Amino acid sequence: MRAVLIIVAAAVVVGMTIYALLDIARTEKRHIVALPKALWFMIALIFPVLGPVLWLVFGFRRYRPGRRTAAGQGQPSGGAPDDDEAYLKFLDHQAERRKRDEERRRREEDHDDTDPDVS
C-alpha cells in the first residue's frame with residue numbers, strides 16, 4: 001500500500017511539473033508576471049512541487065476566455081452586445097438584406113403568376 005502511495009505521489013509531482021513547464025512555454029511573455037520565462041522554467045524544474053504551484057498562483061495574468069477587452073488591453077469592457085455599435089449595424093444590415101430578399105421573392109412570384117406565356 002505504501003508503494004502505491006509513493007508511486008501516485010511521484011506521478012502527481014511529475015505531472016504537475018510537466019504541465020507547468022508546458023504552460024510556461026506556451027504563455028506569451030507579455031502575460032508573465034514577476035519573473036522572466038527562463039527563471040520560471042528553472043524554478044519549476046529545481047523545485048518540483050513548489051515551482052509549479054508558484055507558477056500557477058503567481059506566474060501569469062488570467063483573462064476569461066471569450067471576453068473582449070476595452071481597446072484590446074486592460075480590463076474587460078463588460079458591455080452587452082446591444083451596446084456595440086458595430087454589432088447593431090450588422091443587425092440592421094441583416095434586417096435590410098432579409099427585407100430586400102423577401103421583396104425580390106414576392107416580385108418573382110407575382111411575375112410568375114401574371115406571365116401570359118405560362119400555361
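What share of the contacts in the protein chain with a separation of 6 or more comes from residues 24 or more positions apart? In this predicted model, such residues account for 46% of those contacts.

**View 1. Overall fold of the protein chain, with four helices and zero strands.** Followed along the sequence, the chain has the pattern α-α-α-α. Buried residues amount to 14% of the 119 residues in the chain, and the views that follow concern helices H1 (2-26), H2 (residues 37-46) and H3 (residues 50-58), together with the loop between H1 and H2.

**View 2. The packing of helix H1 against helix H2, with an angle of about 175° and axes 10 Å apart.** This angle makes H1 roughly antiparallel to H2, since roughly antiparallel is the term for angles over 145 degrees. On the H1 side the contact is formed by Thr17, Leu21, Ile24 and Ala25, which meet Lys37, Trp40, Phe41, Ala44 and Leu45 of H2. Sorted by class, the residues of the contact of H1 with H2 are seven nonpolar, one polar and one charged.

**View 3. The crossing of helices H2 and H3, whose axes come within 7 Å.** The two axes cross at roughly 140°, and H2 is therefore oblique to H3. From H2 the contact draws on Trp40, Ile43 and Ala44, and from H3 on Gly51, Pro52, Leu54, Trp55 and Phe58. Seven of the residues in the contact of H2 with H3 are nonpolar and one is polar, while no charged residue takes part.

View 4. Trp40, Ile43 and Ala44 are the buried residues of H2. Viewed down the axis of H2, these residues fall within an arc of 95°, so they line one face of the helix. An α-helix has 3.6 residues a turn, so residues three or four places apart point the same way. What covers the buried residues of H2 includes H1 and H3, whereas Ala38, Leu45 and Ile46, on the other side of H2, are exposed.

View 5. Leaving aside residues up to four places away in sequence, Ala44 touches Thr17, Leu21, Ile24, Gly51 and Pro52. Of these partners, Thr17, Leu21 and Ile24 are among the H1 residues that meet H2, while Gly51 and Pro52 are among the H3 residues in the contact with H2.

**View 6. The buried side of helix H3, with Gly51, Pro52 and Trp55.** These three residues of H3 are buried, and they lie on the same side of H3 because they cover an arc of only 95° around the axis. The cover over the buried residues of H3 includes helix H1 and helix H2.

**View 7. The largest nonpolar core, made up of eight residues in all.** Its members are Ala20, Leu21, Ile24, Ile32, Trp40, Ala44, Trp55 and Phe60. H1 and H2 are the elements that give two or more residues to this core, and H1 gives the most, with three residues.

View 8. Ala34 is located in the loop between H1 and H2, and its phi is near 75°, a positive value in a residue other than glycine. The C-alpha atom of Ala38 is separated by 9.2 Å from that of Ala25, with the two residues 13 residues apart along the chain.

Technical notes. Residues are numbered from 1 along each chain as its sequence is written. This is a predicted model: local features need pLDDT of at least 70, side-chain atom pairs count only at pLDDT 80 or more; totals for chains, interfaces and linings use all residues. Side-chain values use heavy atoms; hydrogens and water are left out. Axes are lines fitted to C-alpha atoms, for helices over the stretch in contact, and angles run from 0 to 180 degrees between N-to-C directions. Angles under 35 degrees count as roughly parallel, over 145 as roughly antiparallel, 65 to 115 as roughly perpendicular and the rest as oblique. Contact means heavy atoms within 4.5 Å. Ala, Val, Leu, Ile, Met, Phe, Trp, Tyr, Cys and Pro count as nonpolar, Asp, Glu, Lys and Arg as charged, and the others, Gly among them, as polar. Buried means under 20% relative accessible area, exposed over 50%, partly exposed in between (1.4 Å probe, protein chains only). The arc is that of the directions from the helix axis to the C-beta atoms. A nonpolar core is a set of buried Ala, Val, Leu, Ile, Met, Phe, Trp, Tyr and Cys residues joined through side-chain atoms within 4.5 Å.
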